[in-house]
Amino acid sequence: MDTKQTDKQETFGADIRANLRMLKEALPAEDILVYEFAAGDGTACAAVYADGITDKELLGALVARPLAAAPAPKTREEVRRKLLFPEVKEADDLDAAGKEILAGNPALLVDGVRGALILGTKKVSLRAVAEPQTAIAIKGPREGFIEDIKTNMGLIRRRLKTPALRFIMLNVGKYSQTAVAIAYLDGVADKKAIRAIEARIRAADIDGVPDSSYIARFLARRPLSLFKQAGTTEKPDILCAKMLEGRIAVLADGSPIALTLPYMLTEDFQSAQDYFVSPYRATVSRILRLFAVCVSVFLPALYVAAQLFRLRLIPFGLLIIVSGGIRSIPLSPGLEMFFLLAVLEILVEASVRMPKYVALALSVIGALVLGDTAVKAGLVSSPAIIIVAIAGISAYTVPDLTGTLSLVRILYVVVAGSIGPYGIVLLTALLIWYLVSAESYGVPLLAPFAPLIRHDLADSLYKADLAALDRRPRALRGKNRTRLKLRRDAAAGREDEQPSGEGPDGQAADAAGEEKDA
């Protein structure tokens, strides 16, 4: 619709010609078409629709054919009864009708009937629901979100069959009018966080929203932060599991990536695979991911600092190998490491944007030909290439933090080459202070470690058994804390037990648990 906004709303009358003239003046684009037909008694009818995103077969079979077979109705209620289409709503003003037409839902006008009827005949070409490429799982559901918000909402509704599941629908973008849905479980999610998220999205003043990442920028409390401030996922099962914990989901039409808020840093060290293996294996995997992140960030910086300032940090046998490798290198250790990290980032960017088969050849050339040739030519040393390769591979154990880790790693190398080990310690302290002071809608970014929440540690870097996850995370501040009730004597095989929390003993146990958490 024309982006010029007027204070006075233009309303439809009963004259179909005047209504059509208003619509054509407001929607002058060539793909806005008018389908005119007559009712059984010759009364003029018309449907205004956007070509290409409206199902014209449904429009003809379920709308035009029933009206053409009988005398024209006199009211909108009579029109509703004659139509065979289930999704019909009313529009009294030009602005509402224009937005629906541009969204793919035609407006039906009947001469002598005031206002318009909006028909839900939107047609969008969609790809099939399939496993997302960024979250491949060995075990577990294979479904992933697609670019249609209605389909994504249906995938959530299929897993959460409860009236407590609520959606708040918004339109964002002056030109795009992108549909955005805020999904949450009533009684589980924090009401204050819901209101804050809704207020921030409503306040967004932007021309268009092509992806949910734009919404994430508006929801960020620290827009210039190196670390992301909203969780992301492409899998409905992961999203529903987070909503059951008390988080709020944000979906954007045209994007297969859903946002989850409030966000905690420990989420990125968790994987859907962790909930389909034993708790011991999941715990080891999470600790391994944390170790890999530390290697990715600190290893290049420690290598540079050890060469420039504290060579005794390197074992003597390894020191001899390193010294022999760097003897004829023209670059300083800091410049050498910075150069190799820059080459690594260039190779990653080129591999992502090139066609798949070309990217494979490019990776081989970059890893083997350039690396081997650079070492033989004496430009870089073999230990430096090995360290950069290990650091680059380690970052991908936590895919959602890869971009952030790359920037932090380069920053550590610069500091290590300038001030040495003291710079690494100072930068680490500054980074910890920054993360401790950050929060996402009232939830500390480093929870449950800072501040320490003992109960929430059961599903952090340590993965406890399902029985220990009987309460939702305290950090999310939801009122409904209980999410699992096990029968007290199930291990003994008794059949007359009461559910936990029912009866005098159960109430005492729940009260003791609340006191212990507090």
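So, which residue forms a salt bridge with Asp-190? It's Arg-477, and the closest N and O atoms sit 2.8 Å apart. By salt bridge I mean a side-chain nitrogen of Lys or Arg within 4 Å of a carboxyl oxygen of Asp or Glu.

Quick housekeeping. This is a predicted model, where local features need pLDDT of at least 70 and side-chain atom pairs count only at pLDDT 80 or more, while totals for chains, interfaces and linings use all residues. Numbering runs from 1 along each chain as its sequence is written, and side-chain values use heavy atoms, with hydrogens and water left out.

Back to that pair. Asp-190 is in the loop between β7 and α6, Arg-477 in the loop between β12 and α16, and they're 287 residues apart. Helices (H or I, at least four residues) and strands (E, at least two) are DSSP runs, numbered from the N terminus. Asp-190 counts as buried, because its relative accessibility is 14%; Arg-477, at 40%, is partly exposed. The cut-offs: buried is under 20% relative accessible area, exposed is over 50%, partly exposed is in between, with a 1.4 Å probe and protein chains only.

Next one: Glu-345 and Arg-409 meet in a salt bridge, 3.5 Å from N to O. Glu-345 lies in helix α11 and Arg-409 in helix α14, so this pair ties together parts 64 residues apart in sequence. Arg-409 is buried at 2%, whereas Glu-345 is partly exposed at 23%.

Then there's Glu-267 with Arg-247, closest N and O atoms 3.0 Å apart, and both of those residues are buried.

Zooming out, the whole structure has 24 salt bridges. Arg-76, Arg-80, Glu-90 and Asp-92 are linked in a network of them.
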